[in-house]
Amino acid sequence: MQRLARNGGTAELLRWLSGRADGWAGIAGSDGTVLSASGTVAPDVPQPPDVPRLVADGVRALAERGALAYSHDTGAHTALLFPLYADDRGAAPLLAVVTPRPVAAGLATLLADVLMPLSLCWEAEAVERKRRRVDLAESRGREAVLHLLMTGQLSIARQVAGALRPRLPDPVRVCVVECPGGSRDEVARVCAEADGGRSWIVRCPVYARHLILVMPAEEAPEGTATDEAVAALVDHCVVGVSEQVSLADTATGYRQAFHALAVAREHPARHVRFGLTPEPALVVGRAGRQWAEALLTPLLTHVPRRAQDPGSQELAATAASWLAFSSHATGHLKVHRNTLAARLKLIGELLGLDLHRLADQSALDLALRIRATPAPVCTPDPGEPTRTDTGGSAAPAHANGAAHDLDEVLRRPAVQEWAARQLAPMTGPAGPAAEETLRAWLGCEGRLGPTAAELGISVPGARKRLTRLETVLQRSLLRPPSARYDLWLALRAQEVKP
């Protein structure tokens, strides 16, 4: 019994006990529900009418009589019940055994002896189940806080995070850790120990091997940086880190960390920090903000026809999640793929966009990022009116007008400078080939098969070219969040350059 309790717990003890009783053994709750069971009545013995009902009747009889044990003969079988442990409330689970008659000699003594190890195993497993539920609840809570941060709902995120630890830091660096298979929980423990529990650690709901750390921007007073320590302590672990961002810009920090992770996979140190580069939303100026507001107005003012239909904020969050994670957005949003497809269809109809086209995806992505960026930090044009000036009007948000307005935004000097910086890594000796690959890939809507056909090479060859291009550009291309929207905007800015 002690060996089975250590190695197999309740399940093994019940299996062994059902074999010794040549029948059925299980644990029933105080209401008669069978909670765990093993074994069947021998086939050469007439079967009882209903073992669960027989057990439930025995539990009720035991409770009514206030007895410490119960035995009931049904003709061909005997049902034996013993409480696992004393409970003044009468809520203790019971060991139930159904055995053929006559009852084997010594079986009652054996059942009395097995109560102690069985009750210890049952209580230990109950504690473990509660611990797992608590861990799952905490994990889901942290995931919810991260989702709120990614969608810009900072005040609500702080309120939800108040019940957990540690406090959300501000400013932050976002770190994405790609763990070896099956080791995410252990790596999370290493991360917590490496920075003294200062970071907000979340198990990524999209990628099963990723951990997301929202870390304080300032380094720890002693020791190496958390991200460097984790890469050094865990074999085959890859780490990407963002630049310093405000807590409200967690979504930007996540994209930066994900791009750094793509570079880190090819880096000997398995650790890369994102290079300093401005977000396009920071350089579009007031004209760009007006364009984004005009484009998004039909979405943000949408009123659902039914109470159960998604509202404007939920649709905006769906669009942002899908643009970031593509089909993986179902895991991020916890919705069915048909629900995601229906929402995307509605979003496209509201905005007058074809979301199958990379051009429209890039426009929507930029508009949502502008909306999530505080207005005062946008770079103004020379001589541009201040924020108190109410002059100017927003253009219509239909597809043709939006494309024309986006070109006007892309002609801004600050945006042109941003585009040049995005494409600058392709100015070296390998530049023409890299640009050809990039243009073909973007022209084929980011699809690998058509890109390979356009370049006249195999699909594995096209994948290798894009992987090398990730290292050149220091951006993720093949896995979402992908830099394809930024690169499409940069190339388009180059084409409409005044």
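Author: Start at Asp22, which follows helix α2 and has a positive phi, near 55°. Helices here are DSSP runs of H or I with at least four residues, strands are runs of E with at least two, and both are numbered from the N terminus. The model is predicted: local features need pLDDT of at least 70, side-chain atom pairs count only at pLDDT 80 or more, and totals for chains, interfaces and linings use all residues. Residues are numbered from 1 along each chain as its sequence is written, and side-chain values use heavy atoms, with hydrogens and water left out.

Now step back into α2 itself. This helix covers residues 9–21, 13 residues in total. From first C-alpha to last, α2 reaches 18 Å, close to the 18 Å expected at 1.5 Å a residue. The expected span is 1.5 Å times one less than the number of residues.

Which residues of α2 are buried? They are Gly9, Thr10, Leu13, Leu14, Leu17, Ser18 and Ala21. Buried means under 20% relative accessible area, exposed means over 50%, and partly exposed lies in between, with a 1.4 Å probe and protein chains only. Seen down the axis of α2, the buried residues fall within an arc of 160°, so they line one face of the helix. The arc is that of the directions from the helix axis to the C-beta atoms.

What does that face meet? The buried residues of α2 pack against α1 (2–7), β1, β2, β5 and α4. Contact means heavy atoms within 4.5 Å.

Follow the strands next. They belong to an open sheet of five strands, in the order β2-β1-β5-β4-β3, with antiparallel pairing. Two strands pair if DSSP finds at least two bridges between them. The edge strands are β2 (34–38) and β3 (70–73), and each pairs on one side only. From one strand to the next, the twist averages 15°.

Four bridges join β3 to β4 (residues 77–83), and the two run antiparallel. Ser71 has Leu80 of β4 as its bridge partner.

Helix α4 (residues 107–150) lies across β1 (24–28), β2, β4 and β5 (94–100). It runs at about 145° to β5. Axes are lines fitted to C-alpha atoms, for helices over the stretch in contact, and angles run from 0 to 180 degrees between N-to-C directions.

End in β5, with Pro100. Pro100 counts as buried, at 10% relative accessibility. Ala79 is 21 residues from Pro100 in sequence and 8.9 Å away in space, C-alpha to C-alpha.
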